[in-house]
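Hi everyone, thanks for coming along. I have one structure to walk through today, so let's bring it up on the screen.

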Amino acid sequence: MVKTYRIRRLLLASVSILVLVTALLATGCGEEEKFNKEKAAILEDMKLVRQIKVPQDIKGDALDLAIRESGKRHKEALQAVDDKLKALGEKYGKADKKFAAEAEDLRKTLKQDHIEWMKAAVAPKIKGDSVMGVGIGCRWEEIEEILGEPIEIKQTAGFKEFKYPGLVFNEIKDYDETDGKDRPALYGPDAYYMTGTGYKTGCGIQIGMTKEQVIEKYRGKFSMMDDHTDPKFILMRYDPTPDHLHAYNQFMQLTDGKLTRLIVARH
């Protein structure tokens, strides 16, 4: 009889545990369903953000203005999505940490989304080979938004410079070219110098490449090249497009047959 009593108690305990687990699972499934539904709505918002574009077939000041206005709308729209994802993680993270982690993973992609949006927006106006999505033709604020804050900024009446580790952008205000007038406020650098190994240009050029690799990467994308006058330099007029919108001077310095410096500059 005692044995029967113990068996009965064990059966009751097992049933209680089963009921509890079933209830917890049901609650968890319910929370996950609600989480996924709200997440799906936020992802639809992200699709709308990605539809924000800069109008095509505009140039000069009109393009600069369009990038500024559309870029601001894009950034603000992403911030609204970020706020929703943060609230979503906080709301359901109390039930299960996996919900908070999933929302946080989505939030991490938003900053890069804006950087990639900016790269696509500025690409049509870059002259010469770009570097990490920016280049000559970009405004200073666009470079900083894409590459981040420089480690150093130098500025005088006739000179401005942005320094990153192994990458420097500068502008020399040549008053002979502007009839003594100040350049417009939206003007940016007119040259950059790449010496760091952590960068790659739009054509795939990286410091440390051999002369042959550099020439091969640029094949078909220049209107003039001189690699014979001085074995330590490759001089090039980068001109990859039929409309010549990207035409610009480039200088590549070689040490022991390998690229050690790339200069993209007007002169």
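First, some housekeeping. This is a predicted model, in which local features need pLDDT of at least 70 and side-chain atom pairs count only at pLDDT 80 or more, while totals for chains, interfaces and linings use all residues. Residues are numbered from 1 along each chain as its sequence is written, and side-chain values use heavy atoms, with hydrogens and water left out.

Let's start inside. Which residues have the most contacts in the largest nonpolar core? They are Phe 169, Tyr 192 and Tyr 218, in a core of 41 residues. By nonpolar core I mean a set of buried Ala, Val, Leu, Ile, Met, Phe, Trp, Tyr and Cys residues joined through side-chain atoms within 4.5 Å. Buried is under 20% relative accessible area, exposed is over 50%, and partly exposed is in between, with a 1.4 Å probe and protein chains only. Helix 3 (residues 97-122) gives the largest share of this core, five residues. Helices here are DSSP runs of H or I with at least four residues, strands are runs of E with at least two, and both are numbered from the N terminus. Apart from that core lies another, of twelve residues, including Val 49, Leu 85, Tyr 92 and Leu 106.

Tyr 192 touches, among others, Ser 130, Phe 169 and Leu 262, leaving aside residues up to four places away in sequence; contact means heavy atoms within 4.5 Å. Ser 130 itself sits in strand 1 and is buried, at 17% relative accessible area.

Now look at helix 5, residues 211-218, where Val 214, Ile 215 and Tyr 218 are buried. Down the helix axis, these buried residues fall within an arc of 95°, so they line one face; the arc is taken from the directions from the axis to the C-beta atoms. They pack against several strands, including strand 1 and strand 10. Just after the helix, Gly 220 has a positive phi of about 85°.

On to the aromatics. There are seven aromatic pairs, counting rings of Phe, Tyr and Trp (its six-membered ring) with centres within 6.5 Å; planes under 30 degrees apart are stacked, over 60 edge-to-face, and the rest tilted. Phe 35 and Tyr 92 have ring centres 5.7 Å apart and planes at 80°, so this pair is edge-to-face. Phe 35 is in helix 1 and Tyr 92 in helix 2, so the pair ties together parts 57 residues apart in sequence. Ring pairs also bring Phe 99 into a cluster with these two, Phe 35 and Tyr 92.

How many salt bridges does a search of the whole structure find? The count is 21, where a side-chain nitrogen of Lys or Arg lies within 4 Å of a carboxyl oxygen of Asp or Glu. Arg 68 pairs with Glu 141, their closest N and O atoms being 3.6 Å apart. That links helix 2 to helix 4, 73 residues apart. Both residues belong to a network that also includes Asp 64, Lys 125, Arg 139 and Glu 142. Asp 190 and Arg 266 form another bridge, at 3.5 Å; Asp 190 is buried, at 6%, while Arg 266 is partly exposed, at 22%.

Finally, two backbone angles. Asp 57 has a positive phi of about 65° although it is not a glycine, and Asp 57 is exposed, at 78%. Met 132, also not a glycine, has a positive phi of about 55°.
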